[in-house]
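Student: Could we go through this model together? I'd like to take it piece by piece.

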2 protein chains.
Amino acid sequence: MKAAILTIGEELISGFTVDTNAAWIAQALLPIGIRVVETVSVGDDPEAILGALERLDNRMGLVIATGGLGPTHDDITKSAFCRYFDSALEFDTVYWDSLVERFASRGVVIPENNRSQAEVPVKAEVLPNSVGSALGLRFRSPQTTFILLPGVPLEMKAIMTEEVLPSLGKRTGDKWITVRTSGIFESALAERLESVLASFPEVKVAFLPEYSGVNIRLWPESSGNKEPGEVESAARAIETELGALAYGRDQASIGKIVVEALTARGETLALAESCTGGLVASLVTDVPGASKVLLGSVVAYSNAVKEQQLGVSPESMRDFGAVSDVVVREMAAGAQAALGGTWGVATTGISGPTGGTPKKPVGLAYIAVAGPGGTVSKEMHLAPIRLPHKAATAQAALNLLRLEILRLEQ
Amino acid sequence: MKAAILTIGEELISGFTVDTNAAWIAQALLPIGIRVVETVSVGDDPEAILGALERLDNRMGLVIATGGLGPTHDDITKSAFCRYFDSALEFDTVYWDSLVERFASRGVVIPENNRSQAEVPVKAEVLPNSVGSALGLRFRSPQTTFILLPGVPLEMKAIMTEEVLPSLGKRTGDKWITVRTSGIFESALAERLESVLASFPEVKVAFLPEYSGVNIRLWPESSGNKEPGEVESAARAIETELGALAYGRDQASIGKIVVEALTARGETLALAESCTGGLVASLVTDVPGASKVLLGSVVAYSNAVKEQQLGVSPESMRDFGAVSDVVVREMAAGAQAALGGTWGVATTGISGPTGGTPKKPVGLAYIAVAGPGGTVSKEMHLAPIRLPHKAATAQAALNLLRLEILRLEQ
């Protein structure tokens with residue numbers, strides 16, 4: 001079944017909000033064998049919504065639309081759908097009473113403009129919303145099922161998970177697999193994998209570069225592919241070829257891998273961050289259960305904090321500078337000692353836009369890992385742009401920790 | 001002029017990558033008066049690309065397409081455009097030689113699969129790429145200009161900024177304005193602004209809730225609106241009504257406001273983070289020039305780090321728990337003292353998924369600001385979901401600092 005996603009909202013087409021709903025929905029549909037072939041965004045404009053519905057109807061088996069079901073007057077999606085399907089609205093007093101009660105239980109008087117959320121199109125089936133006040137709706141044309149959901153991610157996800165996905169049935173064909181890599185460029189990766197990939201003609205491949213590394217997407221040529229298991233075989237062959245360059249699959253993150261490895265080993269982690277400014281700690285604490293492993297991080301943006309909290313020697317600072325291999329090694333060992341961790345991980349660098357010199361340009365970064373097997377460090381020349389530089393340095397530091405843990409385990 | 005954005009890539013429609021290019025392009029076109037009315041994404045599939053081109057051609061004045069110009073074999077956008085415009089490809093030896101040289105200057109032999117990037121459609125104009133190897137292209141149909149750019153954000157932005165935007169001319173009509181708020185819910189905001197907004201019938205409005213607060217988007221009913229300055233007047237009226245609830249406009253961030261205010265005051269900042277786990281520091285260090293203000297952050301995930309690095313008293317920890325008003329106040333004062341900052345800002349809370357109790361459920365958070373005028377703190381009940389909880393707590397902590405600075409200045 002071919003599917004499309006239609007996201008609705010001025011904030012999306014004007015670019016003030018990045019559309020994350022479409023990606024989430026596409027990912028949720030993949031495991032049940034429904035492939036999204038197109039996503040469309042239009043504004044809160046009845047004519048634009050009607051035009052989009054016309055261009056998707058009959059061409060798609062399933063259209064999932066989000067956005068424009070909220071209580072404020074910019075939310076006009078429901079009336080556009082009613083026009084397209086020639087449906088009247090009915091006021092659902094039972095639902096309205098339950099809304100009034102829900103607000104009251106939080107000590108809030110329901111605003112009058114929430115009334116529109118209790119108006120239900122007579123030609124639609126209602127999809128209950130367990131976490132919010134906007135109901136989901138299902139309309140059907142002769143060839144296409146249209147599902148209309150609120151744009152608030154939490155509510156969209158609840159209705160998708162509880163109502164929509166269970167009604168859509170089981171998956172068919174091979175699962176898509178992403179092999180995630182760190183430390184190798186896209187073109188080098190493609191050359192290195194050329195002969196491996198030639199052995200899997202039924203498997204399609206895409207290389208997806210991000211600041212944190214290049215991901216390799218693998219999927220079957222057709223959804224009912226003749227040789228089930230081919231995608232899995234291709235992923236394994238790639239992982240064998242790449243060794244430690246491949247760190248995981250699908251939604252794997254190096255932060256999660258490191259938290260799980262240290263939890264299993266009963267070890268702890270201390271961080272010392274200069275140029276990444278808290279991002280390494282934030283990536284680690286994004287992982288549920290991080291508190292078992294992470295003691296803390298000293299974000300040492302000023303030189304005084306590097307010396308006083310981390311014990312970096314004033315002589316090293318003077319002779320080599322805060323951005324140097326010597327200092328990053330002292331920072332890692334200092335975090336380990338000051339916070340009492342099995343491992344210490346440190347970053348220092350010049351993220352820009354200012355602070356660069358001819359010898360130490362913007363983009364330079366040093367990372368270090370101090371652990372049971374001693375201290376290792378690495379010099380890197382990364383994108384000379386502040387946010388990508390922070391992101392790439394943070395990822396490389398966690399990856400160096402991952403490689404050091406792997407080395408101990410071999 | 002009506003414009004559309006077409007983003008191309010399996011990674012986009014399958015949801016493995018969130019499409020940030022479309023938002024950036026729409027934002028870049030707004031100030032020159034070009035309004036994006038639709039965005040479409042399709043996969044790396046020649047038929048899907050051709051279908052999308054057909055549905056956009058003639059309906060739009062401008063189509064900006066990105067993606068699928070890289071060196072790997074999943075990049076088939078250029079050949080699909082050549083089919084649509086019935087154009088042959090020509091190998092550009094001058095460009096190829098410059099690519100070979102560029103790679104050599106970095107000490108790298110150019111991979112053979114980069115050759116396709118020197119193949120130029122004879123019916124297109126070339127748009128040079130100052131930061132990468134994939135050229136931009138401009139095709140024209142009788143009613144529509146198609147611009148084709150690489151999908152790598154850095155390269156897309158360079159060609160847009162250096163080539164595309166200068167060729168598209170000046171802006172017309174009122175600028176769009178976003179008024180950003182923190183600390184008030186969408187429906188309460190809409191009710192509070194009802195009468196203010198009624199005085200500006202030519203101005204359209206949208207309320208855009210995010211974890212960090214609700215943004216109010218304002219734009220003119222039509223691009224050549226009759227009363228220039230109406231959008232600005234509406235924004236000012238809203239800001240007057242909301243007072244300190246409105247913290248800035250457009251791309252303003254509380255992190256940037258705080259960094260600029262402290263820079264102007266010659267004051268410094270020290271952070272102590274528990275549940276936000278480095279995110280407050282990372283938001284502050286995202287701001288260029290943060291090093292003038294931020295001394296550092298102690299990410300105190302373990303209780304020992306709270307006591308040893310921040311001087312939180314063991315008695316307070318025992319009697320009130322790590323997630324308490326007493327402890328967050330001691331953390332803020334402790335960061336201020338330990339790192340020597342004018343201001344200390346602290347967070348503690350239960351982000352989940354585990355760690356909640358009936359008395360202290362997941363979602364609870366405390367924030368505190370210690371400053372020249374004493375220490376203030378706040379208890380909050382936020383979304384009981386890990387990443388939104390981190391984001392909302394971090395934003396609220398920086399907002400409390402903003403309000404304290406404002407209070408001193410009054």
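Student: How many bridges join β15(B) to strand β16 of chain B, and do they run parallel or antiparallel?
Tutor: Strand β15(B) is joined to β16 (residues 364-371) of chain B by 6 bridges, and the two run antiparallel, with Thr347(B) standing opposite Ile367(B) in β16(B). Strands here are DSSP runs of E with at least two residues, helices are runs of H or I with at least four, both numbered from the N terminus, and two strands pair if DSSP finds at least two bridges between them. Before going on, note that this is a predicted model, in which local features need pLDDT of at least 70 and side-chain atom pairs count only at pLDDT 80 or more, while totals for chains, interfaces and linings use all residues. Residues are numbered from 1 along each chain as its sequence is written, and chains are lettered from A and ligands numbered from 1 in the order in which they are written.

Student: And which way does β13 of chain B run with β15(B)?
Tutor: Strand β13 (residues 269-273) of chain B runs parallel to β15(B), joined by 5 bridges, and Leu271(B) has Val345(B) as its bridge partner.

Student: How many residues of β15 in chain B are buried?
Tutor: In β15 (residues 343-349) of chain B, 7 of its 7 residues are buried, a residue being buried if 20 or more other C-beta atoms, placed from the backbone, lie within 10 Å of its own. Trp343(B), Val345(B), Thr347(B) and Gly349(B) point one way, and Gly344(B), Ala346(B) and Thr348(B) the other.

Student: Switching to helices, at what angle do α7 and α8 of chain B cross?
Tutor: Helix α7 (residues 186-198) and helix α8 (residues 230-242) of chain B cross at roughly 140°, their axes coming within 10 Å; axes are lines fitted to C-alpha atoms over the stretch in contact, with angles from 0 to 180 degrees between N-to-C directions. The two helices are therefore oblique to each other, since angles under 35 degrees count as roughly parallel, over 145 as roughly antiparallel, 65 to 115 as roughly perpendicular and the rest as oblique.

Student: Which residues make that contact?
Tutor: Arg192(B), Leu193(B) and Val196(B) of α7(B) meet Ala237(B), Ile238(B) and Glu241(B) of α8(B), where contact means C-beta atoms, placed from the backbone, within 7 Å.

Student: What about the two chains, how many residues are in contact?
Tutor: In chain B 71 residues are in contact with 70 residues of chain A. Strand β14 (residues 294-300) of chain A is also joined by 5 bridges to β14 (residues 294-300) of chain B, running antiparallel, and Val299(A) has Ser297(B) as its bridge partner.

Note on methods. A residue is buried if 20 or more other C-beta atoms lie within 10 Å of its own, exposed if 12 or fewer, and partly exposed in between; C-beta atoms are placed from the backbone.
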